[in-house]
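My entries follow in the order I made them.

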Amino acid sequence: MVLPDSPACQRNNRKRTNVFYLILIISLTLLVFSRIISFDFVNWDDNLQVTENRDIVEFKLEAMFSSYYVGMYQPVTSLLFSIVYNLFGSNASYFHATSLIFHLLNILLVYKLLKLIGVKSEYVLLSVFAFSIHPLQVEPVSWISSFSTLLFSFFLLQSLISFILFRENGKYRNAILMILFFTLSILSKVQAVIAIPMVILINRQITDRWYDRKMLYLLLPVTLISVTLFFVAISGRGATDAAEVTIFNQLMFALYKISFGFSRVIVPLELSSLYPIPDGFDLLILYGVLIVVLTVLLIIRNRKSGSTLTSFLMCISVLISVLPTFSSYITADRYYYLFVPFAIILFLELFKSIGLTPGKYFIIMIGLFWGILSFHQTGIWKNGEKLWSNVVSDQPFLPRGYDGLGLYYLSNRKYDKAIEQFIKSVEADSTYVDGWYNIGNYYDGSGKMELANKYYTIALSYDSCHLASLFNRGSNYIRVNTFDLGIRDLSAVILENPDYENAYTNRGIAFFQMNNYEPALEDFNSSLKLKPDKVISLYYRSLINLNLGNISDALIDVNTALKYDPENNRLIDLRSQIYQQ
């Protein structure tokens, strides 16, 4: 019999209370985020990562582990995308449901991790509550292309938990699981390298030592995997303007991100899908310095408690920029997914140090505030129109918002609205290359090739290596029999990107029409090496072989092409010609 006041009874009561609060947190999370299941894909990477990605659609496993999508190497994320697509098709609801499920699992994992590293019981549930519904979590949960953030966090949290269990019981099964989960995490998103500082901090929290032999043995394979995949990831980023990437710039960006994170955790207002790099010195950088100074003072005051130092350094670890800031945007809400719970712990420590303890009604009010704000914020991700209209509203000086909105309208055949937005994008920034390109692409679709080429040329005047503009202009030249100019543009594309398969095909057609069969044959061979089922390349190669008298080769190519497109009349007629020979 267990006495009501016995330690065992009290532990059971605490467990039941914690289970009740976890169920409540998960219920509130579903209330806030469940409507995303009815949302669509958005025209911001969703098409490139999922709906128009042949590797995903056709479940090409080898390609997923050897390719970069939108400049990122995240094969495990691509694998999950492909599994969902091949099970349920292109219905966005299943992708959103998958994201929500992983966010719910991460809530439970964050709870377990905080309990294992010895965070005060009264802080754990508040941190988990913030992690579950804070407005900063809306982007990673609601945007399909940000699923990599949820997935890498899922594996990373399990890796950290396995490390703690290994330290507690010494079972090598947990050590193996730690390395396995870490590998899956970094293959989901390279940001998982934050595991290295996080393991060191957790080790200090639970052993009061910065390092020891057991930890170092485990960090060795983790570090080797991290370094290897770091170089794999960075090789997919392509060339950048190294002059813009300085140590000073990166330090200023880091201070900005720290300040942004802490300020938005407390007051999550003015959130956006895009945060442009500020011109010159920004006050947030100064706030970042102040936050670091105040936190150091707090750590000194509470030096007997390691949780303040651990929480602060965990926040900094989560924000480590594995790859330097090369884009025009300084930060994003998704970067703070794992930042939120540790920031909350730090703030609770700060409040306690000045004699403040959040009361029950304050927690309820802040929870309602976060929940209502997050529920409203999810609506931005309903579709591309909602997303880009919000960007235009928040950042009217950014051309990217108008461009994204124009592309949404173009894909939905609202052509007048599309061209209006493209024009607004170059009005916002006359050097915005994609805006000029999209105007040209619009006129291309209208059959106005001369006008289209005018805008492609403007785009190329700002970026001479803009491959899409070069390819489209070159292809248009070939359509009007200006072969020399067409071949010039397509050769420039191939020189810049030897894997640009369509450039070989169109240049091959130009050589064929000039009766220059040898280079044409080389181009079609290159095209088919990159894409063996390219019907038009098979057709022209068959036609060249027929003209050269290579009847058997011509027949092989036309029969192969007919396997992919059996109703193609041009192929059927060509095979008849070959049989007549």
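Entry one, a helix pair. I found α25 and α27 to be roughly parallel to each other, since angles under 35 degrees count as roughly parallel, over 145 as roughly antiparallel, 65 to 115 as roughly perpendicular and the rest as oblique. The angle between helix α25 (residues 501–513) and helix α27 (residues 535–547) is about 25°, and their axes are 10 Å apart. Axes here are lines fitted to C-alpha atoms, for helices over the stretch in contact, and angles run from 0 to 180 degrees between N-to-C directions. Helices (H or I, at least four residues) and strands (E, at least two) are DSSP runs, numbered from the N terminus.

I noted that this is a predicted model, in which local features need pLDDT of at least 70 and side-chain atom pairs count only at pLDDT 80 or more, while totals for chains, interfaces and linings use all residues. Residues are numbered from 1 along each chain as its sequence is written, and side-chain values use heavy atoms, with hydrogens and water left out.

Which residues of α25 and α27 meet? From α25 I listed T505, I509 and F512; from α27, I536, S537, Y540, L543, I544 and N547. Contact means heavy atoms within 4.5 Å. By class, the residues of this contact are six nonpolar, three polar and no charged. Ala, Val, Leu, Ile, Met, Phe, Trp, Tyr, Cys and Pro count as nonpolar, Asp, Glu, Lys and Arg as charged, and the others, Gly among them, as polar.

Entry two, the next pair. I then looked at α27 against helix α28 (residues 551–564), which pack at about 160° with axes 8 Å apart. The two are therefore roughly antiparallel to each other. On the α27 side I found V535, L538, R541, S542, N545 and L546, meeting I551, D553, A554, D557, V558, T560, A561 and Y564 in α28. This contact of α27 with α28 holds eight nonpolar, three polar and three charged residues.

I looked up the largest nonpolar core and found 124 residues in it, with L113, L114, V128 and W381 having the most contacts inside it. A nonpolar core is a set of buried Ala, Val, Leu, Ile, Met, Phe, Trp, Tyr and Cys residues joined through side-chain atoms within 4.5 Å. Helix α9 (residues 147–169) gives the most to this core, with 13 residues. Apart from this core lies another of 33 residues, including F524, Y539, I544 and L571.

Entry four, S127. Is S127 buried or exposed? S127 counts as buried because its relative accessibility is 0%; buried means under 20% relative accessible area, exposed over 50%, partly exposed in between (1.4 Å probe, protein chains only). S127 sits in helix α7 (residues 121–133). Beyond its neighbours within four places in sequence, S127 contacts L114, P341, I344 and I345.

Entry five, F182. I placed F182 in helix α10 (residues 172–186). With 0% relative accessibility, F182 counts as buried. Not counting residues up to four places away in sequence, F182 touches S159, A192, V193, A195, V222, I225 and S226. F154 is 28 residues from F182 in sequence and 9.9 Å away in space, C-alpha to C-alpha.

I counted 29 helices and two strands in the protein. Of its 581 residues, 51% are buried.
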